[in-house]
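I opened this model to look up its folds, its helix packing and its chain contacts. My notes are below, in the order I made them.

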Amino acid sequence: MSEAALPHDLHDAPAAYEPSLFGTYSKKIGMWLFLLSDSLTFGALLYAYSYGRISTPNWPTPFHSESIVNATVMTAFLLTSSLTMVLAVRAAVFGDAKKQRLWLLATMACGMGFVLLHGREWSKLIAEGLTLPVFPKLAEHATSTEFADVAKTVPQFPATFFGLTGMHMLHVTLGVIYLGIVALRRNFIPILLVFWLAAWLGTPASSPFHYGSHILLLAAIVCSIILWLKPKIYDAADVEVAGLYWHFVDLVWMFIFPLVYLMSAKIL
Amino acid sequence: MEAFQQAIAARVAEQHRHHGMTQFFAVWGALLVFTGIEVYLTYQNMPPVRMLTILMGLSLIKAALIIGYFMHMKYEVSRMKWLTMCSLVACLALMMIFFPDALRILSLGVK
């Protein structure tokens, strides 16, 4: 093809397109790049946990079967949410808006189940003495328990445990909000504010979740600004990109679960 | 939507037509089974290094299933697959440079 003919041909052929380097749309490539960078964040946290474990001969194995069962149910919730997410993407691709919304809501329900179970476990561990200096002071009876001893003798354990699982819990929470916005758009903002009020007023001031709940308020403000600046109906590509984020959150848990919980199980 | 975006969206839709629901349920079932095996192995009193090797092996299989089928990486062009996965694995492998230091602390007997 001569150089003179090239611009003319391209101009006259609106249906022709130049495939991107990765053969897909830019939103998806952007999300993959974000996920790759986020993988390194979680990679660093997992390596820090492993470093602490290797270099500490008396690393504790404090998780009783109750904690392991709880973490297994949490894993099942996340795996099921990945299935419902992929079904939401499929419904979106086939243009079935009703099914797409239902599957997205099912995914959010599983994600919320995960966060609630995780929050309950955190509260239990903190009440039993596994705590960090930044958390509120413990009651007198909790300072002589098995977990309190762990926190005193191996402070790396609660630091890496809460750091790693807290970062993951934050990602799941933001993922639920992301899916809520994709599924319900503006209608999700008042729901999010109700969740914020429930989390804030429903947790005691001594719980780390009391002040942590303000993340929901912050998210509601940010989402309101985004929806106000760029109101749109989310298409199949948006649902697929949201799905990539959600599956990533599931993927990370596939390494946290065995490394943090199963390798620290108390075998009697 | 612009023409090239429509063309890509059509390609994505075409990919999804080849994915049966059965495939997704099979992957989900396999992931649950692998999780069950991991929990079962936890209570088998294995030496920690052996246990860690098996658990990480199973986790890598689970990760490959999630990336390949749920994140549709299996159906992307090979350039996308190789560039993203190789760069990720290389970066994560580079972080292993810290582990000999952790072992050195053990051999020094630092309390």
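The entries start with conventions, then take each chain and the contact between them.

**Conventions**

I am working with a predicted model, where local features need pLDDT of at least 70, side-chain atom pairs count only at pLDDT 80 or more, and totals for chains, interfaces and linings use all residues. Residues are numbered from 1 along each chain as its sequence is written, and chains are lettered from A and ligands numbered from 1 in the order in which they are written.

**Confidence**

The model has ipTM 0.87 and pTM 0.88. For chain B I read a mean pLDDT of 85, with 80% of its residues at 70 or more. I note that pLDDT is the predictor's confidence in each residue, from 0 to 100. I then went through the elements of chain B. The lowest mean pLDDT, 64, belongs to α1(B). The highest, 95, belongs to α2(B).

**Chain A, overview**

I counted secondary structure in chain A and got ten helices and zero strands. These are DSSP runs numbered from the N terminus, helices being H or I of at least four residues and strands E of at least two. Along the sequence the pattern reads α-α-α-α-α-α-α-α-α-α. Chain A has 268 residues, and 37% of them are buried. Buried means 20 or more other C-beta atoms within 10 Å of the residue's own, exposed means 12 or fewer, and partly exposed lies in between, with C-beta atoms placed from the backbone. I also checked contact order. Of the contacts in chain A between residues at least 6 apart in sequence, 74% join residues at least 24 apart. A contact here needs C-beta atoms, placed from the backbone, within 7 Å.

**Helix pair α2(A) and α10(A)**

Two packed helices are described by the angle between their axes and the distance between the axes. I took helix α2 (residues 26-55) and helix α10 (residues 236-261) of chain A. They pack at about 15 degrees, with axes 10 Å apart. The axes are lines fitted to C-alpha atoms, for helices over the stretch in contact, and angles run from 0 to 180 degrees between N-to-C directions. So α2(A) and α10(A) are roughly parallel. The class limits are under 35 degrees for roughly parallel, over 145 for roughly antiparallel, 65 to 115 for roughly perpendicular, and oblique for the rest. α2(A) passes α10(A) in a right-handed crossing. Handedness is left if the near helix is turned anticlockwise from the far one by less than a right angle, and right if clockwise.

I listed the residues in contact. The α2(A) side includes A:W32, A:L35 and A:F42. The α10(A) side includes A:L244, A:F248 and A:F255. By class, the contact of α2(A) with α10(A) has 15 nonpolar, no polar and four charged residues. The classes are: Ala, Val, Leu, Ile, Met, Phe, Trp, Tyr, Cys and Pro nonpolar; Asp, Glu, Lys and Arg charged; the others, Gly among them, polar.

**Helix pair α7(A) and α9(A)**

Next I took α7(A) and helix α9 (residues 214-229) of chain A. Their axes come within 9 Å and cross at roughly 165 degrees. That makes α7(A) roughly antiparallel to α9(A). The crossing of α7(A) past α9(A) is left-handed. Among the contact residues are A:F195 and A:W196 of α7(A), and A:L216 and A:C223 of α9(A). This contact of α7(A) with α9(A) has eleven nonpolar, one polar and no charged residues.

I stopped at A:L201, in helix α7 (residues 188-202) of chain A. A:L201 counts as exposed because it has 9 C-beta neighbours inside 10 Å.

**Chain B and its contact with chain A**

Chain B has five helices and zero strands. Of its 111 residues, 17% are buried. Which residues meet across the chains? I found 46 residues of chain B in contact with 45 residues of chain A. α1 (3-18), α2 (21-42), α3 (48-70), α4 (78-94) and α5 (99-108) of chain B each give two or more residues to that side. The side of chain B that touches chain A has 33 nonpolar, nine polar and four charged residues.

**Positive phi in chain B**

I looked up two loop residues. B:N45 is not a glycine, yet its phi is positive, about 50 degrees. B:N45 sits in the loop between α2 and α3 of chain B. With 8 C-beta neighbours inside 10 Å, B:N45 is exposed. B:H72, also not a glycine, has a positive phi near 60 degrees. B:H72 sits in the loop between α3 and α4 of chain B. Is B:H72 buried or exposed? B:H72 is buried, because 21 other C-beta atoms lie within 10 Å.

How values were computed. Two residues are in contact if their C-beta atoms, placed from the backbone, lie within 7 Å.
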